[in-house]
Amino acid sequence: MIRLEEITKTYQLDGVEVNALRGVTLNISEGEFVAIVGPSGSGKSTLMNIIGCLDTPTSGKYWLKDHEVSKLSDNKLADIRNRLIGFVFQSFNLLPRLTALENVERPLIYRGVPKKERRMLAEKALERVGLQDRMFHRPNQLSGGQQQRVAIARALVGDPALILADEPTGNLDSVSGREVMYLLKELHAQGRTVLLITHDTDIARQAERRVKIFDGRLQEEGEVVL
Amino acid sequence: MNLLQAVRLAFGAIMSNKLRSFLTMLGVIIGVFAVVALVSIGQGATSQVTAEIQGMGSNLIVLAIRGRGGLDSLTLDEAVALAKRPGVSAVAPVVDGYATVKFATESNYTSIVGTTSAYSFVRNHFVDQGRFLADVDVQNRLKVAVLGAEVAENLFGGLDPVGHEIRINGSAFTVIGVLEEKGFSLGGPSDDFVIIPASTAERLLRRQGIRTVYLQAESAATVDLVVSGLESLMQLYFRDENAFSVFNQAEILDILDEVTGVLTLMLGGIAGISLLVGGIGIMNIMLVSVTERTREIGINKALGAKKRDILLQFLIESVVISGVGGFIGMVLGYGTVRLFSGLFGLTIAFSPQVVLTAFTFSVFVGIFFGLYPANKAAKLNPIDALRSE
Ligand SMILES: Nc1ncnc2c1ncn2[C@@H]1O[C@H](COP(=O)(O)OP(=O)(O)O)[C@@H](O)[C@H]1O
Ligand SMILES: [Mg+2]
């Protein structure tokens with residue numbers, strides 16, 4: 001599903017080079033539930049943005065399904081984000097002007113799904129995350145946990161093969177965090193590939209496979225670093 | 001994403017910030033309003049004046065004599081004889097001046113036109129009551145008068161003037177007719193004047209000779225022939241091209257068209273500039289909006305929005321603002337123009353073309369000034385946009 005080869009990412013900041021990723025090689029198969037764990041600033045988000053086709057690596061190769069991502073046009077990348085990937089962000093990233101239902105509908109709008117069908121799918125997605133009675137609330141009328149569930153509904157509404165979650169519990173209390181983790185595990189149980197990014201080892205333990213990241217380098221659990 | 005969907009998204013964004021959208025719209029509203037109102041008024045004035053000139057008769061030719069030295073006019077017979085020239089169907093010589101016209105206790109200082117029976121036909125101005133001058137009136141230098149509608153109203157009020165005796169500079173004249181009302185007219189009295197026989201007028205006004213001759217060409221095709229013939233004849237007579245001038249309705253209309261064309265263009269230009277300013281206002285707000293909504297754009301891109309989707313959404317937003325503004329301005333302009341024409345009796349030409357042009361222009365203003373901000377939004381890198389706060 002995902003194959004990264006010697007991926008590096010270097011940021012230029014006022015002439016100073018920041019090496020956020022220093023040669024990352026990683027394979028994730030279809031249907032895996034992988035956690036990437038590492039301290040703050042280790043390059044987790046940078047990695048996820050590259051995997052999510054939101055950003056491009058400085059060097060290295062990346063295959064997603066059968067596509068070599070660096071060879072794809074902007075339009076094709078937008079299409080992949082729309083059909084193949086569902087994002088869950090630490091800060092929810094809901095559109096504040098829209099209701100929960102409208103937020104969940106958004107990916108389907110860009111896919112060109114007709115209004116009726118779109119609405120039906122969005123309602124079903126919100127029911128799945130237990131928010132059927134909050135459909136017409138705006139984000140600022142919802143708790144953090146509810147907002148993140150809206151975001152999960154939005155991620156799953158398009159039935160993507162890959163769910164990318166970047167510290168999805170980072171802004172939540174432990175009860176809401178558990179709910180979110182439960183939903184992610186459920187998505188995995190349905191056969192989706194889930195990539196969870198976290199700095200919390202307790203959260204990471206709930207994944208099938210853990211990969212540690214430190215200072216832009218990966219290390220599989222159980223591997224010995226020399 | 002289809003167009004309808006993009007329009008829905010744009011409406012949502014506009015409605016989420018109503019006051020700002022309205023203020024932005026205001027620039028376009030005022031611009032289109034100005035275009036519609038000013039051009040309607042300009043065209044109204046033009047069409048009114050044009051109608052007046054056309055009312056003179058399309059084949060009318062005017063010979064005006066300034067003279068040279070002692071030779072400063074034609075005699076009445078010479079002027080009447082112009083009717084025999086090829087292409088001329090009728091001739092009305094005019095001796096004019098001012099006199100005091102009295103009936104009972106009412107008195108009017110007004111314009112006197114001494115002419116012949118042909119005047120009515122040549123000037124396309126006919127009697128409403130009684131009869132016009134006849135050839136015998138002129139031959140016998142009779143003291144008869146045909147009143148302009150305004151003079152008749154001033155002197156007689158509601159009374160029928162025909163058959164009554166009036167005094168012009170003290171001499172008694174019998175009213176034989178009243179002219180139909182013409183309203184405003186260019187280059188001469190239209191209702192406020194009294195017509196008497198030319199022969200009588202030469203005596204009354206103590207003015208010998210004819211300085212103005214109205215000629216009617218047989219058809220529009222013979223107008224040029226008559227004009228050039230008349231010019232060479234007068235050249236022979238006065239030996240000075242500055243001693244006379246010949247012009248016809250077509251020439252007057254040409255000059256008028258030029259003047260009003262410039263006027264309308266100027267009004268349209270001023271209005272167009274205000275529309276342009278409205279467009280700059282749109283661009284300004286759209287740029288602010290793109291900056292404010294950078295994160296929103298990033299989220300949409302993460303969810304699969306293509307460049308085209310974002311471009312379309314912002315472009316449609318600015319087009320909707322300018323289009324709705326244009327529509328409101330159009331309605332407002334129409335209303336105001338109607339109100340003013342009702343209140344002040346102004347002639348207003350409300351042409352659908354101008355309205356459509358103003359509206360179309362406002363939509364194009366939206367596209368033109370929306371394109372840059374929309375493109376800026378569409379080009380944003382998804383991750384940079386997502387990171388912005
Ligand atoms: N846009 C950027 N410009 C410059 N440096 C960046 C940028 N984004 C991230 N970095 C740097 O790259 C490193 C990794 O960041 P990030 O991937 O966000 O870490 P994490 O998500 O693990 O906390 C950090 O040192 C961070 O300062
Ligand atoms: Mg991070």
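In strand 2 of chain A, which residue is the bridge partner of L13(A)?

Mentor: Happy to! The bridge partner of L13(A) in strand 2 of chain A is V16(A). Before we go on, this is a predicted model: local features need pLDDT of at least 70 and side-chain atom pairs pLDDT 80 or more, while totals for chains, interfaces and linings use all residues. Residues are numbered from 1 along each chain as written, chains are lettered from A and ligands numbered from 1 in written order, and side-chain values use heavy atoms, without hydrogens and water.

Let's start with the sheet. Strand 1 (2-13) and strand 2 (16-28) of chain A run antiparallel and are joined by 10 bridges. Strands here are DSSP E runs of at least two residues, helices are H or I runs of at least four, and two strands pair when DSSP finds at least two bridges between them. Strand 1 of chain A is also joined to strand 4 (residues 59-64) of chain A, again antiparallel, by 5 bridges. One pair to look for there is T8(A), whose bridge partner in strand 4 of chain A is S59(A).

Strand 4 of chain A then pairs with strand 5 (residues 67-68) of chain A in the antiparallel sense, over 2 bridges. L64(A) stands opposite H67(A) of strand 5 of chain A. This hairpin has 2 residues between its strands, and K65(A) takes a positive phi near 55° in it. Put together, the 4 strands of chain A form an open antiparallel sheet in the order 2-1-4-5. Strand 2 and strand 5 of chain A are at the edges with a single partner strand each, so each has one side without a neighbour in the sheet.

Back in strand 1 of chain A, E6(A) deserves a glance: E6(A) is not a glycine, yet its phi is positive at about 50°. Most residues other than glycine have a negative phi. Another non-glycine case is E167(A), with a positive phi near 45°; E167(A) is in the loop between strand 7 (162-166) and helix 6 (174-189) of chain A.

L13(A), G41(A), K44(A), S45(A) and T46(A) come nearest among the 13 residues around ligand 1, where being around it means having a heavy atom within 4 Å. Strand 1, strand 2 and helix 1 (44-51) of chain A each supply at least two residues of the shell, and helix 1 of chain A gives the most, with 3 residues. The surrounding residues come from chains A and B, so the site is shared between chains.

A polar side-chain atom of T46(A) is 2.5 Å from an oxygen atom of ligand 1, and an N or O atom in the side chain of S45(A) is 2.7 Å from an oxygen atom of ligand 1. On the chain B side, a polar side-chain atom of R387(B) lies 3.2 Å from a nitrogen atom of ligand 1. On its own, ligand 1 has 560 Å² of accessible area, and the protein covers 69% of this (Shrake-Rupley method, 1.4 Å probe).

Notes
Polar contact = N/O pair within 3.5 Å; in protein donor to acceptor, adjacent residues only side chain to side chain.
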